[in-house]
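Let's take a walk through a protein model together. Keep the picture beside the text and find each residue as it comes up.

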Amino acid sequence: KPPGIGLGAANPAAPSAAADGAAENGAPASEATVTLSLAYESAVASRAAFDAAFRQDVAASLGVGESAVAVIAVSAGSTVVDFSAAGAGDVAGRLRDSGFTTPHL
């Protein structure tokens, strides 16, 4: 698991719908940005595996299904991941409060 994780709301004033709209409970998706202490080259070398592991870690931390988590973009600067999670409310706040970890990355 990466030693450093930074969290921030991507646009807290305007949560967006996930790729499939709202979650089963009707709540809209919330977007956030996570900065991981992980080499960007490692993340993009096997992007599909990275995305799957990231979705799994976020879903476990938020208590939502993996299908509710959508990776929007991965960029350099360590590894910066923009994502949304449907039906999770304030994603950045919840991940901060839960002590978000990334055991699958």
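We'll start with the overall layout and then visit some individual residues.

A word on ground rules: this is a predicted model, so local features need pLDDT of at least 70 and side-chain atom pairs count only at pLDDT 80 or more, while totals for chains, interfaces and linings use all residues. Residues are numbered from 1 along each chain as its sequence is written, and side-chain values use heavy atoms, with hydrogens and water left out.

Now for the big picture. The protein has 3 helices and 4 strands. Helices (H or I, at least four residues) and strands (E, at least two) are DSSP runs, numbered from the N terminus. Read from the N terminus on, the order of elements is β-β-α-α-β-β-α. How much of the protein is buried? Of its 105 residues, 35% count as buried. Here buried means under 20% relative accessible area, exposed means over 50%, and partly exposed is in between (1.4 Å probe, protein chains only). Take the contacts between residues at least 6 apart in sequence: 67% of them join residues at least 24 apart.

Let's zoom in on strand β2, which covers residues 29–36. Because 6 of its 8 residues are buried, β2 is largely enclosed by the rest of the structure. What does β2 pair with? Its partner is strand β4 (residues 79–86), and the two pair in the antiparallel sense over 8 bridges. For two strands to pair, DSSP has to find at least two bridges between them. One place to look is alanine 29, whose bridge partner in β4 is alanine 86.

Proline 28 counts as partly exposed because its relative accessibility is 47%. Proline 28 and alanine 86 are 58 residues apart in sequence, yet their C-alpha atoms are 5.7 Å apart in space.

Back inside β2, have a look at threonine 33. Is threonine 33 buried or exposed? With a relative accessible area of 19%, threonine 33 is buried. Its side chain is joined to the side chain of aspartate 82 by a polar contact of 2.6 Å. A polar contact is a pair of N or O atoms within 3.5 Å; within protein, one must be able to donate a hydrogen and the other to accept it, and residues adjacent in sequence count only if both atoms are side-chain atoms.

Next stop: helix α2, residues 47–62. A salt bridge is a side-chain nitrogen of Lys or Arg within 4 Å of a carboxyl oxygen of Asp or Glu, and by this rule the count comes to 1. Which side chains form it? They belong to arginine 47 and aspartate 51, which meet at 2.7 Å, N to O. Both lie in α2, 4 residues apart, about one turn of the helix. Arginine 47 is partly exposed, since its relative accessible area is 30%. Aspartate 51 is buried, because its value is 14%. Leaving aside neighbours within four places in sequence, aspartate 51 is in contact with Val71 and Val74.

Rings of Phe, Tyr and Trp (its six-membered ring) pair if their centres lie within 6.5 Å; planes under 30 degrees apart count as stacked, over 60 as edge-to-face and the rest as tilted. That gives 3 aromatic pairs. One of them is phenylalanine 50 with phenylalanine 54, which is stacked at 6.1 Å centre to centre, with 20° between the planes. Phenylalanine 54 also pairs edge-to-face with phenylalanine 83, at 5.2 Å centre to centre and 75° between the planes. This pair links distant parts of the chain, with phenylalanine 54 in helix α2 and phenylalanine 83 in strand β4, 29 residues apart. Phe50, Phe54, Phe83 and Phe100 form one aromatic cluster.

Finally, the core. A nonpolar core is a set of buried Ala, Val, Leu, Ile, Met, Phe, Trp, Tyr and Cys residues joined through side-chain atoms within 4.5 Å. The largest one has 24 residues, and those with the most contacts inside it are Phe54, Leu62, Val81, Phe83 and Val91. Helix α2 gives the most to this core, with 5 residues.

Terms used:
Contact means heavy atoms within 4.5 Å.
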